[in-house]
Amino acid sequence: QVQLVESGGGLVQPGGSLRLSCAASGSIFSLYTMGWYRQAPGKQRELVADITSAGRTNLADSVKGRFTISRDNARKTVYLQMNSLKREDTAVYYCNAVYIATTKTYDYWGQGTQVTVSS
């Protein structure tokens, strides 16, 4: 079992920056692929970025060059550094942890944190 708690959301002006954190507890954090997803009003949840247990990262085209995902296995925390924020980045951001075992997939979500980009 993994519990995920996001923090760091808030209101920021266009062009500003925020860093989201997702603290995990309860299981072997280092084995999980950690991801950040977002969901804007009226839209489907979409992948923003993820990072594997080996540290390989993947970012959505819409955030490449602006967002960075990283993880600290000792602190059981994954981060999303968001720079040059745009109004269209406004959404609820969710942390996700996935581990694919031989016979079962473990998939956990945080409660979400609101990011609002507005002047």
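Student: Leaving aside its neighbours within four places in sequence, which residues is A40 in contact with?

Tutor: This is a predicted model, by the way. A40 is in contact with T90 and A91 once those sequence neighbours are set aside. Contact here takes heavy atoms within 4.5 Å. For A91 there's a C-alpha figure too: A40 and A91 are 51 residues apart along the chain, yet their C-alpha atoms are separated by 4.2 Å.

Student: Why does A40 count as buried?

Tutor: Set the value against the cut-off: buried means under 20% relative accessible area. A40 has 19% relative accessibility, so it counts as buried. As for where it is, A40 is found in the loop between β4 (33–39) and β5 (46–51).

Student: What makes β4 and β5 a pair?

Tutor: Pairing needs at least two bridges between the strands. β4 and β5 have five, in the antiparallel sense. One place to look is G35, which stands opposite D50 in β5. The two strands form a hairpin with six residues between them, and G42 in the turn has a positive phi of about 80°.

Student: How many bridges join β4 to β9?

Tutor: Seven, and these strands run antiparallel. Against the requirement of at least two bridges, β4 and β9 count as paired. Q39 stands opposite V92 in β9. In general, strands of a sheet pair through backbone hydrogen bonds, either parallel or antiparallel.

Student: What is the order of the open sheet of four strands?

Tutor: The order is β1-β3-β8-β7, with antiparallel pairing. β1 (3–7) and β7 stand at the edges with a single partner strand each, so one side of each has no neighbour in the sheet. Ignoring direction, neighbouring strands of this sheet are turned by 15° against each other on average. Zooming in on one pair, β1 and β3 have five bridges in the antiparallel sense, and L4 stands opposite A24 in β3.

Student: Which residues have the most contacts inside the largest nonpolar core?

Tutor: They are L4, M34, W36, F67, L80, M82 and Y93, in a core of 30 residues. Two or more residues each come from β3 (18–25), β4, β5, β7 (67–72), β8 (77–82), β9 (91–100) and β11 (113–117). To be in such a core, a residue has to be buried, of a listed nonpolar type, and joined through side-chain atoms within 4.5 Å. Nonpolar side chains tend to be buried together in soluble globular proteins. Take Y93: not counting residues up to four places away in sequence, Y93 touches a list of residues including W36, F67, L80 and M82.

Student: Why is the protein called as compact as a globular protein of its length?

Tutor: First, what it's built from: zero helices and eleven strands. The radius of gyration is 14 Å, close to the 14 Å that the globule rule gives for 119 residues, so the protein is as compact as a globular protein of that length. The C-alpha trace spans about 45 × 25 × 25 Å along its principal axes.

Student: What share of the residues count as buried?

Tutor: 39% of the 119 residues. The accessible surface comes to about 6400 Å², and 47% of that belongs to carbon and sulfur atoms. And among contacts with a separation of 6 or more, residues 24 or more positions apart account for 54%.

How values were computed. Residues are numbered from 1 along each chain as its sequence is written. This is a predicted model: local features need pLDDT of at least 70, side-chain atom pairs count only at pLDDT 80 or more; totals for chains, interfaces and linings use all residues. Side-chain values use heavy atoms; hydrogens and water are left out. Buried means under 20% relative accessible area, exposed over 50%, partly exposed in between (1.4 Å probe, protein chains only). The radius of gyration is taken over C-alpha atoms; the globule rule is 2.2 Å times the number of residues to the power 0.38. Accessible areas come from the Shrake-Rupley method with a 1.4 Å probe; for residues, only the protein chains shown count as cover. Axes are lines fitted to C-alpha atoms, for helices over the stretch in contact, and angles run from 0 to 180 degrees between N-to-C directions.
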